[in-house]
Amino acid sequence: MKYIPQLINLLAAGILLLSFAMISQRRIASLINIFALQGAALVAASVLLGYTSSNADLYVSAGLTLVLKVLLIPWLLYRVIHRLNVRWDVEPLINVPTLMIVGIGLVIFSFSLALPISRLSASIAGGSLGIALACVLLSFMMMITRSRAVPQVIGFLSMENGLIFAATAATGGMPMIVEFGIALDVLVGILILGVFMFQIREQFDSLDIHHLEKLKED
Amino acid sequence: MSALTNPSQWAHLDWLLAAVAAWLLVGTSGLFALRRLAFVARVLFPAGGAIALVVFGVALSAVFAPPEVATLPLGLPGLPFHLRLDGLSAFFLMVIAGASAGVSAFAAGYFRKGEGTPPGLLCMEYHVFLASMALVVLADDAYAFMVMWETMALSSFFLVIANHRIPEIRRAGYLYLLIAHIGAIGILLAFGVLQANTGDYTFANMRAQAHTPFWASVAFLLALFGFGAKAGLVPLHVWLPEAHPAAPSPVSALMSGVMLKTAVYGVLRVSFDLLHFQVWWWGVVLLALGLVTALFGVVFSAAQVDMKRLLAYSSIENIGLLFAGIGLAVLFSAYGMKPMAALALTAALYHVASHAFFKSLLFLGTGAVLHATGERSLGKLGGLIRYMPWVTWLTLFGALACAGLPPLGGFVSEWLLLQSFLFTPGLPSSFLNMLIPVVAALIALVAALSGYVMVKFFGVVFLGQPREEALAHAHDAGAWERLGMLWLVAGCVLLGLLPTQFIAVIDPVTRHLVGAGLGDTVAAAGWLLVPVAIERASYGPVIFLLGVAAGSAIAYLLVRALYHGRSRRSPAWDCGFPWQTARMQDTAEGFGQPIRQIFEPFFRMERELPLPSDSHPRYRVTIGDHFWHWIYLPIAAGVERLSKWIGLLQQGRIAVYLLYSFLTLVAVLLVVMR
Amino acid sequence: MSWLGFLSQLLAIVAALLLAPLMTGWVNQCRAWLQNKSAPPLLQPYRVLHKLFHKDSVLADNASQLFRAAPYIVFGCMVLASAIVPTLSTDLPLSPAADAIALVGLFALARVFISLAAMDVGTAFGSLGARREMFVGFLAEPALLMVFFCASLISKSTSLTTIVGTLAHRELAIYPSLAFAGVAFTMISLAENARIPVDNPATHLELTMIHEALILEYSGRHLALLEWAASLKLFAYSCIGLALFFPWGIAEAGAPIALLLAMPALVFKLAVGGAALAFLETISAKMRIFRVPEFLATAFMLAVIGLLVSILLGA
Amino acid sequence: MHALYFVLGIPIVGGVVLALTGHRDAARDINVGFSLGTFLAACVLTAQVIAGGPLFAWDRQFFIDPLNVFLVTLTAFVGLTTAIFSRPYMRVERDHGKMTPPRLRLYHSMYQLFSFTMLLALTTNNMGILWVAMEAATLTTVLLVSVYRTAASLEAAWKYFILCGVGIALALLGTVLLHMASERVFGPEGGGLLWTNLAEVKKQLDPNIITLAFAFLFIGYGTKVGLVPLHNWLPDAHAEGPTPVSAVLSGLLLNVALYAVLRCKVLTDGALQTALASQLMIAFGLLSVVVAAFFLSRQKDVKRMFAYSSIEHMGLITFAFGMGGPIANYAGLLHMTVHSLIKSAIFFAVGHACQKAGTQVMEDIRGLIKVSPTVAWGLMLGSLAILGMPPFGVFASEFLILTTAMREQPWATPFLLLGLGVAFAAVFSKVLPMVFGETTVKPLAHSPALLPVFVHLGLGLMLGLYIPPYLDLWYRQAARMLGG
């Protein structure tokens, strides 16, 4: 029982670590795996939090995340990359060591942002807000530095993970109806993105988003 | 309620509102007769002119009446349109209506088939223009004022581009509305200062506010910017010589003769009515700007080869003189010299009226010429006195008045203005005393140059031999056109001959604005115009006219009585030079050449001189405006460069866009958490 | 209006009408003497006028009504001008009708009409003359106004009679501003009256002429009126100069004796002035037309400086 | 039954029905029918509010207060007129082969769902649902923007999705933080995210959390408002989607996003008691006005240009709310209303003009007045109105904003003057030759739907000269609530 808070902190650290892993990962397939793993860590953290706070809503939330982020979306992404045959490596726009350094800076920045709040907070997950913030910013950075559609989408989804983590860890879960709404939006969003990727592929013969630079000020 | 239904109990303002409504009604009827030219021309425009006459009469009597107020059920909640008819508005309304009555009558005969915009629509725009000008001077809150002000700009813009198929006209219209709009924002900001954060936009509230000199000056400068843009003060004048000529002639007449005066009204309203006090340097600024404008206008006017552009520049000149007069009034008023301020202000207001009449008249004259010949370029006109005697002789009055010659209207105002300069040695500042002679000299120079310009205008268009053969088929103006011009001629002449009576009309206005008036001293002297005392200065236009007329008549009679009156006709002598063609006369360029030479730095000239060996030598000169190159083109280039740089922000890469979001987020987080 | 005033006004007009050609004749005579030529008789201008009045007026084919009306209007203007300039007396009933500014306006009115008339026929020389005339005028007019203003600042009035009255009855004092104004006025007068160095009244060399070009198409009675008007203008200018700078001898209101004495005084002053004018014309050379602006601008500047001086020194 | 349920229910049913029948010819009319139903329900709702004042529904999950009642009506109204406009527009698109039946089905269905999401966002009391609705609105409009399946529309939709998705995700983080702050006050089972509850206790909310929350919410929803430099999706999405979609995007969606920002601002102001939110809004608003104005001057595509004009106006409104105080808030609300009406009217006119000319490139659209005077005048008057020419309502609000700024934030007025001046020069110089001059445009077989254009312009004109008393009352109450 008394290890549970430590376990949650460990999972939080794991989520952060997986975010770093995503930044450094070049292969799309591995990227999807890491994403699924991050989802799993999120599910575990949710369940543990639900257990400690005896908040049944968190179990539902964990279930939603499990279905969506661990099972459905990775499966969908796999199908997409199979069908579109885009499993090769992708190099980030900026080299990985630089990204790591910037990432560390972002973590420090997030922690310092969260510090005044977590200092006030008595909740077990007070410190996890900083981690959630860091995850969001790291995913944001990942989206910036990837030039292919799929990694960009994964970055987007990973950001969502960070948000869900913030929601569960920092507040004990959003109201149920909101949780469902969020889940629905994510699901529809990923479906639309999937359709888009096919259409983009159809139009440009590639998922390289460099092709999507025609609309600009010239 | 009974007062509203019973016209015998109507106050002045009720009549005026009814007239404005009638204008709008006439305009709207135009929409229903979109292409029925005969109806629009013979019924609607004369109806508009008749309404203008009513407005003229009501406004004339309202000048002497106490202020009246009204609110319309329009506008913002809590801020319905406030209207107020006081001396100042009544005076300007009178000028507006007086000139537009003649213009409307002229317009009845002017519009023909085949112009770009259908006549019914033109009629609508025209009457909305009239109504909005009337409401501008009646408005008593900032919102109503701005709405009417911009409606005025908008309706006149559409009138300017009536013939929108010509790219130059569209360009002129564009420039016009752009500068008008930017000016309007300036005025709006001035009102923003004047309301002093009370949230109450009525002029009554603005009058009640006590401003620090700083804020008062800010308001004044913003208002000067805004109204100056409308009036065509240098360097905000560039739209004027483009837009005024582009419009159909009756509209040019209204714009130059009437609409510019609303800007004068605005400056007077803000600096004398809404603000309680004046700071002396405002007067200096006004004087300086006015003089530069006047000199610039007249010099450019002399160099023009397009008759409507020439008149447009002459309008700039007159506006400059007006502002110089107002500047002097501000200067006197700032030092508490009320009678002197009243004198200067009277001069300015007098000029407002006389310019409205003579400039409208001149534009109508060009309109008639344009119609008869299809030609605007001075270089292709000439000799029209033999084909269009009515237009020629009526226009002559306008030209003489514009040249500031006695005994017509333009001279009285210049006379009063110069008189007010002669009182400046009373000013307590020696610096200003030094300045004034220079100013007076420039005013005199401008007045003399305007005579030059008018001789050029009138002589080249109407006198001499026709420069094109087609001119021999020119026809004189029709009855409506003559009627309109005659009305304006009557205005010029009466303004010239009855200054004492007219100053009695101005008197309540100056009393209201600067607390003193010329009315009493002037009325005491009867037929002579005596602003202060008979030993100081006097002018009797009627006696003057009678003197000249008697001299001429007696000479004529004596010559006829003592000698035979035989005349013979023969070819012109011209020092015995045998081949005389129309092309040997001075061209418009040639007539303007001395001015171009003397004031060379004013112009941005591009000349193509023919070589001696050219078999078909052609001489071409284009006159450019320095301000265009000094101010407007750099601004345009700057905007373009800046927008090019800003365009670099958006290069289509989604990663970069995300980076913007990211950096913005980080920046905001840093800001909020500091 | 007193009888005396009426009388002096009438006298002034008659004197002007009669003396003006005489003055022209006198100047011509002086000039001929100075140039060692045999002089025309003093009364020659009268004979010329008489001859011209007798001739048929030959009008160009396309001359309009404006062309025929202009000589009378110009003549009328000049008559009024010489009526309001205090020549013999300051008691002039017509004088309040036009002060100094209006007088300048009056000259301008005449100038505009004669220029328009010159453009009417549409010959090369006519429009050339009109352009040059207006061009001289636009510089000379404000300069003349400034000269008047110098005097006005001293007398605190623009009314000519008041100015002359004040100047005539002051202590003998030297006004520096009037010195400037005097020089300026002399230069303006030369230009305005078509005198050397600006114009040559005796020339018939087409390219250099101004005044002659204006009236080139006129003949007969019209030409006579215009010549007479030109003489009147010279007379009026001379009288203005005398009134402003040598105002002594001009009678006041209600002084019939003085009025009688004024006449010989005027004739004497005019004779001296005419001789001086002839002298000036003889010693100077006609300048190129392009130099005229400089000449006139100098006059203008001098007048403005005079104005400045009068404000600066209070004199 | 509560009219609110109809307001929300009808578009959902419409979305489902049209998902099945949207490819038929009658779908255009069915679409109008459902929009009309929604509008009528909204009118009934408005009447109820007028009769009974603010109201709640469904356990306080929904509420109507002065700040959203007029937006609901406006949204339903513009939804209706746009549906009317899209009837002839889509017929032409189908005839040109740009819209196939499946695409039409998608379009009609998504159109109704998009209306639903906006109405949901406006009426919900729950900040979480507000977020869900905003995200759903993004998703539906992404599909609408990409409906042509051209390379350009795909690119636009992709950018739109990614940028707004990220933005909205940040807003979710803000919402989570808001929830965190609310839990501190209400406890885990407390009022949750209901705005009315939060607004009651706004002074007790933890300032640290709220500061952070507002930063995220502002950036998040601000992306959807189109504030510079978060605006980059906006011109692409407007230019490449079908014109009816551009009209509702500019006319409605931006308003809804701004509405969300305003709700957050009220809470933030209450919690912080500082001018932080105001300062941020002033800064971003001003930046948007100026930058958008300079973008305007370099546009070649007419829809893109008016998209930038929307950014400019959103910036101006944001600036106004940033200044706060009764007058500026009032002006901001008025500006939201009028901008929505006028901008959609412009897009209607532009849509017809582009169909006639067969291009969106302004240089190829010339002299509309010759071919189609009504469309031409619609475009001309609409442009003048949006540029702030009286007597249209845009001028009324700009008047109030500028005059207030002159004394509240005098330093900002030169920038506003610059922005408005450059915008005027840019837009007007491009619209003028499109409307006037010699023509290059060929007449079109179908008669355009001009009723929406002129009804909108008429309403915009009315608001410049007369504001109905109830609208005035709502504005005043909302302005007081927004404080400053």
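Leaving out neighbours within four places in sequence, B:Gly459 is in contact with B:Gly464, C:Leu116, C:Met119 and C:Ala130. Here, two residues are in contact if their C-beta atoms, placed from the backbone, lie within 7 Å. This is a predicted model, in which local features need pLDDT of at least 70 and side-chain atom pairs count only at pLDDT 80 or more, while totals for chains, interfaces and linings use all residues. Residues are numbered from 1 along each chain as its sequence is written, and chains are lettered from A and ligands numbered from 1 in the order in which they are written.

You can find B:Gly459 in helix H17 (residues 430-462) of chain B. Helices (H or I, at least four residues) and strands (E, at least two) are DSSP runs, numbered from the N terminus. Is B:Gly459 buried or exposed? B:Gly459 is buried, because 30 other C-beta atoms lie within 10 Å. The cut-offs are these: a residue is buried if 20 or more other C-beta atoms lie within 10 Å of its own, exposed if 12 or fewer, and partly exposed in between, with C-beta atoms placed from the backbone. For a sense of distance, the C-alpha atoms of B:Gly459 and B:Leu83 are separated by 46 Å, and these two residues are 376 residues apart along the chain.

## Where chain C meets chain B

Now look at the whole boundary: 70 residues of chain C are in contact with 69 residues of chain B. Several elements give two or more residues to the chain C side, among them helix H2 (44-54), strand S1 (57-60) and helix H4 (100-120) of chain C. Helix H5 (124-155) of chain C is also one of these elements, and H5(C) gives the most, with 17 residues. By class, the chain C side divides into 44 nonpolar, 16 polar and ten charged residues. Ala, Val, Leu, Ile, Met, Phe, Trp, Tyr, Cys and Pro count as nonpolar, Asp, Glu, Lys and Arg as charged, and the others, Gly among them, as polar.

Strand S3 (residues 567-570) of chain B and S1(C) run parallel and are joined by four bridges. Within this pairing, C:Leu59 in S1(C) stands opposite B:Arg569. Two strands pair if DSSP finds at least two bridges between them.

## A strand pair within chain B

Strand S4 (residues 603-608) of chain B is hardly covered, as the count of buried residues among its six residues is zero. Its partner is strand S5 (residues 620-625) of chain B, and the two pair in the antiparallel sense over six bridges.

## Helices side by side

Two packed helices are described by the angle between their axes and the distance between the axes. Helix H3 (residues 56-84) and helix H7 (residues 176-204) of chain A pack at an angle of about 0°, with axes 11 Å apart. Axes are lines fitted to C-alpha atoms, for helices over the stretch in contact, and angles run from 0 to 180 degrees between N-to-C directions. H3(A) and H7(A) are therefore roughly parallel to each other. Angles under 35 degrees count as roughly parallel, over 145 as roughly antiparallel, 65 to 115 as roughly perpendicular and the rest as oblique. The contact of H3(A) with H7(A) has 13 nonpolar, two polar and three charged residues.

H7(A) also packs against helix H5 (residues 127-145) of chain D, at an angle of about 15° and with axes 9 Å apart. H7(A) and H5(D) are therefore roughly parallel to each other. Residues that meet here include A:Ile177 and A:Val178 in H7(A) and D:Gly128 and D:Ile129 in H5(D). The contact of H7(A) with H5(D) divides into eleven nonpolar, three polar and two charged residues.

Two loops hold cis peptide bonds. The bond from B:Pro406 to B:Pro407 is cis, with omega near 0°, and B:Pro407 sits in the loop between helix H15 (389-402) and helix H16 (409-422) of chain B. Another cis peptide bond joins D:Val228 and D:Pro229, with omega about 5°.

C:Ala194 has phi near 60°, a positive value in a residue other than glycine, and C:Ala194 counts as buried, with 21 C-beta neighbours inside 10 Å. Phi of D:Gln273 is also near 60°, but D:Gln273 is exposed, with 11 other C-beta atoms within 10 Å.
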